[in-house]
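Look at the model below and follow the text from one part to the next.

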Amino acid sequence: MRLYYLTSAQFALSNIALRRVKISRFSDLNDPFELLAVDLKERGHRRIFRETRDKLNEGNGLICMSRSWANPLMWGHYGDRHLGIALGFEVADHVPSPVIYAKTPAKIPIDKATNKPILDPDLVNRLLRTKFHDWKYENEMRIFVELDPKTRESGLYFFDFSADFGLREVILGPRCELPISRVRAMVENFDPDVTVIKSRIAFSSFRVIKNKAASK
């Protein structure tokens with residue numbers, strides 16, 4: 001499937017040159033409900049789920065991607081105010097997981113014998129993927145990565161391009177000032193070929209679309 005990773009022009013060029021993207025940490029994401037999208041009305045459950053959140057964050061990272069690059073909100077929030085770049089990847093179907101967009105926090109299953117939360121794999125999987133419904137505009141898919149401390153570089157972790165995660169498109173944002181020829185030169189040795197285009201805002205809809213004239 002084709003998925004898109006929006007970032008600043010500076011980071012996009014680094015991603016292309018080094019053939020990798022940065023792995024995000026849950027604790028650095030902009031949603032305070034990450035890993036806490038459950039009903040915590042019971043005071044006794046809060047410590048348990050905060051500890052679970054911290055444990056999941058310690059050993060796991062993720063790559064946040066979108067099914068589309070056409071939404072102007074995505075460019076405004078993640079594409080450096082339309083100055084950035086969207087990288088389009090062909091991702092093996094088994095690799096990403098869809099985000100669950102929920103209007104209310106999930107109910108916690110309770111063990112009747114102990115009266116404690118049941119932290120089974122299904123609930124953990126839901127915690128990893130659930131966001132509040134109003135984030136739905138992101139149309140997000142997530143790639144989860146177990147962190148290996150041996151691969152840490154200056155406190156960061158990276159995910160390499162591969163057969164299951166291959167760069168196929170580069171979309172320059174509507175306000176991106178990079179010469180398209182420069183970006184095309186950076187991907188000319190990629191196999192399969194990578195398409196580079198310039199985008200613009202649409203004239204008759206609230207979308208970002210291909211700028212055919214500037215992409216020649």
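In this predicted model, helix α2, residues 43–59, packs against helix α4, residues 121–129, at an angle of about 70 degrees. Their axes lie 12 Å apart. Angles from 65 to 115 degrees count as roughly perpendicular, so α2 is roughly perpendicular to α4. On the α2 side, the residues that meet the other helix are Phe49, Thr52 and Leu56. Their partners in α4 are Leu123, Val124, Leu127 and Leu128. Six residues of this contact are nonpolar, one is polar and none is charged.

The next topic is the nonpolar cores. In soluble globular proteins, nonpolar side chains tend to be buried together. The largest nonpolar core here has 32 residues. Within this core, Ile85, Leu87, Phe89, Leu167 and Val170 touch the most other members. Helices α1 (9–18) and α5 (180–187) each give two or more residues to the core, as do strands β1 (2–7), β4 (60–66), β5 (85–91), β11 (140–146) and β13 (165–172).

Val170 shows how parts that are separated in sequence come together. Leaving aside neighbours within four places in sequence, Val170 is in contact with Ile16, with Ile85, Ala86 and Leu87, with Val183 and Val187, and with Val194, Thr195, Val196 and Ile197.

How many disulfides does the structure hold? The number is zero. Cys64 has 26% relative accessibility and therefore counts as partly exposed, whereas Cys176, at 7%, counts as buried.

Notes:
Residues numbered from 1 in each chain as written. Predicted model: local features only at pLDDT ≥ 70, side-chain atom pairs only at ≥ 80, totals over all residues. Heavy atoms only, no water. Core = buried A, V, L, I, M, F, W, Y, C linked by side-chain atoms within 4.5 Å. Buried < 20%, exposed > 50% of the residue type's maximum accessible area, 1.4 Å probe, protein only. Helix = DSSP H or I, 4+ residues; strand = E, 2+ residues; numbered from the N terminus. Contact = heavy atoms within 4.5 Å. Axes fitted to C-alpha atoms, helices over the stretch in contact; angles between N-to-C directions. Parallel < 35°, antiparallel > 145°, perpendicular 65-115°, else oblique. Nonpolar A, V, L, I, M, F, W, Y, C, P; charged D, E, K, R; others polar. Disulfide = S-S within 2.5 Å.
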